[in-house]
Amino acid sequence: MEPEPSPLSNGDSTAAGTTTAASIASAVAATAAPIQSARINHLAESLKLEHQFLRVPFEHFKKSMRSNHRIAEKEMSTVISSVSEAANRDNMSQEEAVNHLTSLVSRLQGLKRKLEEGSKSENLQAQRCRARLDHLDAAEAENLSEWNNTRLKRILVDYLLRLSYYDTAVKLAECSNIEDLVDIEVFHEAKKVIDALHNKEVAPALAWCAENKSRLKKSKSKFEFQLRLQEFVELVRADNNIRAITYARKYLAPWGATHMKELQRVMATLAFKSNTECATYKVLFELKQWDYLVEQFKQEFCRLYGMTLEPLLNIYLQAGLSALKTPFCYENDCSKEDPLSQEGFRKLANPLPFSKQHHSKLVCYITKELMDTENPPLVFPNGHVYSTKALEEMARKNDGKVTCPRTGQVCSYSELVKAFIS
Amino acid sequence: MELGSIRDAFDRVAKKQKLCSSKTQEVIDQVGQEIEQALAKLQALHDPSSLHDLKTILTELNGKLKEVGPINQIEGSQKELNVGLSKYAKLLEKFFNPDISKAYRNVDFDTQTINQIIACHFYRQGLFDLGDCFMNEAMEPEVTLKSPFMEMYQILEAMRSRNLEPALKWAANNRDHLVQNGSILELKLHRLQFVEILQNGSRGDALHYARTYLSPFASVHMAEIQKLMACLLWAGRLDSSPYAEFLSPTHWEKLAEELTQQFCSVLGQSYDSPLAVVIEAGFQGLPTLLKLANVMAAKKQEWLAMKQLPVPLDLGRDFQFHSIFVCPVSRDQGSEENPPMLMPCGHVLCKLSIVKLSKSSTRTFKCPYCPTEATVALCRQLHF
Ligand SMILES: [Zn+2]
Ligand SMILES: [Zn+2]
């Protein structure tokens, strides 16, 4: 007996299973509109993920402004105090006074030139901020696949830069014409510090700390302290004990108030030597402390620029793998089109949760199309299910006979029964 | 998305920045002028040895500069700019999600595995130089997929310059696989070649080509072959024949796409880059995941221990690779232990739901969706 047509809700389709042409047309129209608006909705939601994309060039812009401001202020103070100093002197000759003022005038001219240069780089940063806004604005339903393609490239460049694969990053940005949409310049600043740390030099890292002093202080960073500790350890390693103590007095003591324990621990290395077997101190002399400093720097750097601490690629990979992960992915007949049919993706997905479905979503084994109201599932006598489209086509080509591709069972099309999945 | 208001806010910031820097320039000029005026006075002194006059000029200058207050002026405009800057940063935080790593699981996410995936992605996109540069920089071992994809791009490159030979050779070598996939790529390639000869070569060449390469397909694709042979009547002027459509350049594009598809299939690879698929799924799923992470954090639920997400992340249809059956009664996902069962009326429930409804294997029960009666024995297990 044919059952009453009941609502078949497979995924987001809501149409009822009647078969007149008009109702199918209206059903298609009714489902097409929500799909379109759902896509735009999806887009709006995923655009909200782009904070870093706008934030980093803005921070860069701010940084240029700050450094220009600092230069102007410093030079100006020097000029002012130099004038007031001259005014207070009693024994200046005319020639001296003229020379003094002339040097101040040329100093101001030098400052003007510097600021003009600085203002050029400010404008460049501002233009980059605008380019990012324009890029987000350009995302529309019509050009989405191209836009998504660019997004993937941006994310790959972010990954490459964070892992210090600079050449590949630059190459990818150049060949895709997305230099304005990635932060190569920003990471170049990081590269100098990282390269130096790999060479066991702390000077560029310390300079970076000085440059960003107030912001690091605000986030209670102890990165500078860690750098100082490392320098101290190196002095101890070189048996330069007098210098080590002088160094500690000057650079470590100020951190005593907040980091006494660490300070004491590292001072104790003076009592041991770099070949100590005592585990607590041995670790301080290990060379991987430098790698640790690199990691530490990367984190501070990302935080300062408003970046996520993890590469964007890793974040989206995790989210995507969780969204796709089902128990069926790990079976042998998992479709090749499923990324989780591949070993690498399976490995990455291992520690992640499985996805969840509230409604049945059935995919035809033959056509890989979704089985829904327009393409309902049909059941072989042995219980295997395929889409109407696939079996109709098969029956048309084989005088009404259909064959189950998985078991070889043959029957006539009229023996198939419709399954109603709600 | 309120991009318009964000852009306005940025324009305001940029305007203030311009104001600030022109203010600074102005102040510098002002100070410079004062100094130059004093300088002129100094040089014009009647009695160069008069220390009194000299001191008066310098003191005057000092007083004037204090009046100008250059530092205060610069600071003032800077302060105003700073207000604008922090407003804009706050606006970004309001409209965008400032931390998208909240749903990130801090698990061992193997860099080498990710690097291999990226390298494969570059190679399958045809970016071989980039792939090599990356492998070099990341010090990764060779990726086995590189040379097959190189072959594929060589074939496609040749097709772009209207050379079908490499494509035909590949299709002949992989004939069994193509037939198994139900693809008639080989015939389509020969058809394209035949049309090329017909348009640019002689009728005799075309006929010879057809006899050699098209005739083996005649047994299965008779209608197609007949059409092609009829084309011989219009050799050299196919464009004004009923078969002008054969000349359309879209055939080349479509065939390049089909070849790519079949090539990937022969390799056991997906057509789309798996990395692109996962990242796109990530973009669609992450907004919901972030909301979920927020809710769970508020309820102090453990994000790391969760084995299955509590809510669906609705992805588009393109991401549906498996049939997922969800029982409409229990809301459980179908599994080997609890498979979907077809009732005689055509409605489908999971096995546990049917067992619960029937209470015993022989009793009849009513379908919850229609009044039809059923027994357990009449229900059939489904395989999707
Ligand atoms: Zn899967
Ligand atoms: Zn029923």
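1. Start with B:Q154, which sits in helix α6 (residues 146–160) of chain B. Is B:Q154 buried or exposed? B:Q154 counts as exposed, because its relative accessibility is 52%; buried means under 20% relative accessible area, exposed over 50%, and partly exposed in between, with a 1.4 Å probe and protein chains only. Its C-alpha atom is separated by 9.2 Å from that of B:A167, 13 residues apart along the chain. Helices here are DSSP runs of H or I with at least four residues, strands are runs of E with at least two, and both are numbered from the N terminus.

2. A word on what you're looking at: this is a predicted model, where local features need pLDDT of at least 70, side-chain atom pairs count only at pLDDT 80 or more, and totals for chains, interfaces and linings use all residues. Residues are numbered from 1 along each chain as its sequence is written, chains are lettered from A and ligands numbered from 1 in the order in which they are written, and side-chain values use heavy atoms, leaving out hydrogens and water.

3. Now compare B:V27, in helix α1 (residues 3–43) of chain B. B:V27 counts as buried because its relative accessibility is 0%. What does B:V27 touch, not counting residues up to four places away in sequence? The list is A:M76, B:P70, B:Q73 and B:I74, where contact means heavy atoms within 4.5 Å. The C-alpha atoms of B:V27 and B:P70 are separated by 5.8 Å, though these residues are 43 residues apart along the chain.

4. Over in chain A, have a look at A:S64 in helix α2 (residues 51–88). A:S64 is buried, with a relative accessible area of 11%. Leaving aside neighbours within four places in sequence, A:S64 is in contact with A:S121, A:E122 and A:Q125.

5. Helix α5 (residues 128–138) of chain B has a list of buried residues: B:F128, B:L130, B:G131, B:C133, B:F134, B:M135 and B:A138. They pack against helices of both chains: α4 (144–162) and α5 (166–176) of chain A, together with α4 (111–124) and α6 of chain B.

6. Helix α14 (residues 351–358) of chain B buries B:S353, B:I354 and B:S358. Why are they on the same side of α14(B)? They cover an arc of only 125 degrees around the axis, the arc being that of the directions from the helix axis to the C-beta atoms. The face turned away from the buried side carries the exposed residues B:L352 and B:K356. The buried residues of α14(B) pack against β1 (340–342), β2 (348–350) and β3 (365–366) of chain B. B:K359 follows α14(B), and its phi is positive, near 65 degrees.

7. On to the rings. There are 25 aromatic pairs over all chains; rings of Phe, Tyr and Trp (its six-membered ring) pair if their centres lie within 6.5 Å, and planes under 30 degrees apart count as stacked, over 60 as edge-to-face and the rest as tilted. A:F223 and A:F297 have ring centres 5.9 Å apart and planes at 40 degrees, so this pair is tilted. A:F223 lies in helix α9 (residues 223–237) and A:F297 in helix α13 (residues 288–304) of chain A, so the pair ties together parts that are 74 residues apart in sequence. Both A:F223 and A:F297 are buried.

8. The charged end of A:R154 sits over the ring of A:W147, 5.6 Å from its centre, and A:K325 lies over the face of A:F354, at 4.5 Å from the ring centre. The rule asks for NZ of Lys or CZ of Arg within 6 Å of the ring centre and within 35 degrees of the ring normal.

9. Chain A also has an open sheet of three strands in the order β4-β3-β7, with antiparallel pairing; two strands pair if DSSP finds at least two bridges between them. Its edge strands are β4 (385–387) and β7 (417–418), each pairing on one side only. Strand β3 (residues 377–379) and β7(A) pair over two bridges, and A:L378 stands opposite A:K418 in β7(A).
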